[in-house]
Structures are given as structure tokens and as C-alpha cells.
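Good morning. Please look at the model on the screen, and then we will go through its aromatic rings.

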Amino acid sequence: MNKYIKQTALLALSALLMTACDEEYIMDDLQTESTVVIEGLVTNLPGRQFVKVSRSGDFYASGKTERITNATVQVTDNAGNTFLYAHNPNGHADSVGYYKPTVPFVGQVGRTYNLTVQADGETFIASDEMFHINPIEELEFRVDDDQVDEPEDEDFPNRIYEVLMTVEEPQETRDYYLFRTYRNGERIWAESSEEDPEIYVTDDVLVGGEINDIAIPGYFENGEVAGAEIYSLSRPVFIYYRDLSKILANDGGMFDPPPANPRSNISNNAYGVFQASAISYDEIRVEAAE
């Protein structure tokens, strides 16, 4: 439970072929063809529906991936509803490549959502079911003695409190979850990156069939507000994130096998994932007695 993963769409890495020692190695062999990358989310909360469409870069590419702004995007559900999406309807500079519903809607637990994206002359489809999530019953904080002795972040030595979460976990079903954590309303970011938020995914087998007094990622100091968010996941989406975790665990050593792409639920060899999730959120202010 103490291993976090970063929820970000990773691009495919080319396989590195081993050659004889005296054979010239051509670095251009690591170039890869551009592939459409799709990240879509439907939730049960207003304003949380989007589809991001971009292109993958090659092995040596740096910076942001190329965004696709002329795609055709729509979502349907098994109740007969159709939701059309428009590219960056509010014209935000940081939302290039993002498509939002032209008429706002919220997802419904129990429904299956179908995504269709037309981009680069091809059609990509995906489907995902939205499962129920129980509300967070309780958040509580306590001092982590290890943090007192050796703070995780030397710049914030007073962040010595961990926050524990309790949620009723249905015993009759196999359930999958994604967790996100917030500090004072802002996502908690990975120590090693300025761009990738820390994310944790699990199933009810790994948590022992219950979510009871489980520490959420991150530490807090007196006066800070800790927020915890849980997403319900379908099994295919859980597998995508689990594959992503394995890629991130690969340290890229000389004798490590080349990482494979996460298994996607999107057709036509697109990278990424389409996710329909119910969300439960709660927060607590750390107010310790002086």
C-alpha cells in the first residue's frame, strides 16, 4: 500500500536491439512512428468530463506531445443518449487538445459509455462501465513518528501528519480503485517530477477486502487541508494503470527488457485509456493541539 504510481499517459518506447560488439549502432533505430493518444474521462460529477487527443513522440522527444485540435469526438451511453464534444470551447491556452461536451452532462452509475474519436483519418472507439463508489466515511490525522525523525521533504520539516481514510468496501463484488490526494486544494505532485501527480490504484484483494484506516499519499502540517478522492474503476482500466505502474518501475537498466505499452481499452492501436468513474471526495483540516 505504500507504493504510489503516477497517473499520466505514457508513450511507447522502441525495443533496443542487441547487436555484435563490432557492429555500428545507429541511434535512429530508436525513432518511432507517431501514434494517436487518447485520454477520456466520464464521471458522476459536473465539469469532470473531457477527452484529450494528442500524438505520441519518438524516443528522444522532449516537452509536451503534439495536440490534435481537429478531431471529431462524441460519447454515447446505453440509455440512448449522445453527447457531442467540441475542442477547447473556452479557448484556454492550457486546454489545447482537450474536448469538452457541448451540452454539460454527468455520468450515471451502472451505465456503459462509448467513445468515438475520428482523428488522422482513422476512427477509434472505446467503452467503459461506471461502477458504484461508496462515500468516504472518515478522514483522521495522526503524527507519523518516522516523519518527525526524518522528514520526507527537508523544505517542509513540519509535515509530520499522515491522514487515514476509511471507506466501506463491498464484500460481495470485486472492486477496483484509483486514489488521488490534494493539499490545500492542489494535487500532490511526485517528488521526482514537477508535472506528474502521485496516483495509487488497487483492488479490494490488495487492500484485504476493506479500506479501513489506510494512509493516503503525502504528509501534511498543522493548518493544511488534506483532500482524498477515490475513483471506481472497471477491470480493463485497472489493468491499464497496473501496466503503467510496471513501466514506471522499470529503471531502464542495460539488461532490463524494453517496456511494453499499457494495455488499452481503445481500438485501432491507439495509446491511452477511456475511463468512466464514479468519484467520492472528502477533506479534513489538520488542526492539532499545540
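**Rings and their partners**

I start with Arg183, which lies over the face of Phe220, 5.1 Å from the ring centre. A charge sits over a ring if NZ of Lys or CZ of Arg is within 6 Å of the ring centre and within 35 degrees of the ring normal. Arg159 also has its charged end over a ring, that of Phe156, at 3.8 Å from the centre.

A word on the source. This is a predicted model, where local features need pLDDT of at least 70, side-chain atom pairs count only at pLDDT 80 or more, and totals for chains, interfaces and linings use all residues. Residues are numbered from 1 along each chain as its sequence is written, and side-chain values use heavy atoms, with hydrogens and water left out.

Now ring against ring. Rings of Phe, Tyr and Trp (its six-membered ring) pair if their centres lie within 6.5 Å; planes under 30 degrees apart are stacked, over 60 edge-to-face, the rest tilted. By this rule there are eight aromatic pairs. One of them is Phe50 with Tyr98, tilted, 5.7 Å between centres and 50 degrees between planes. Phe50 is in strand S3 (residues 50–55) and Tyr98 in strand S7 (residues 98–101), 48 residues apart. Strands here are DSSP runs of E, at least two residues, and helices are runs of H or I, at least four, numbered from the N terminus.

Buried means under 20%, exposed over 50%, and partly exposed in between, with a 1.4 Å probe and protein chains only. Tyr98 is partly exposed too, at 22%.

Finally, ring pairs join Tyr177, Phe179 and Tyr200 into a cluster.
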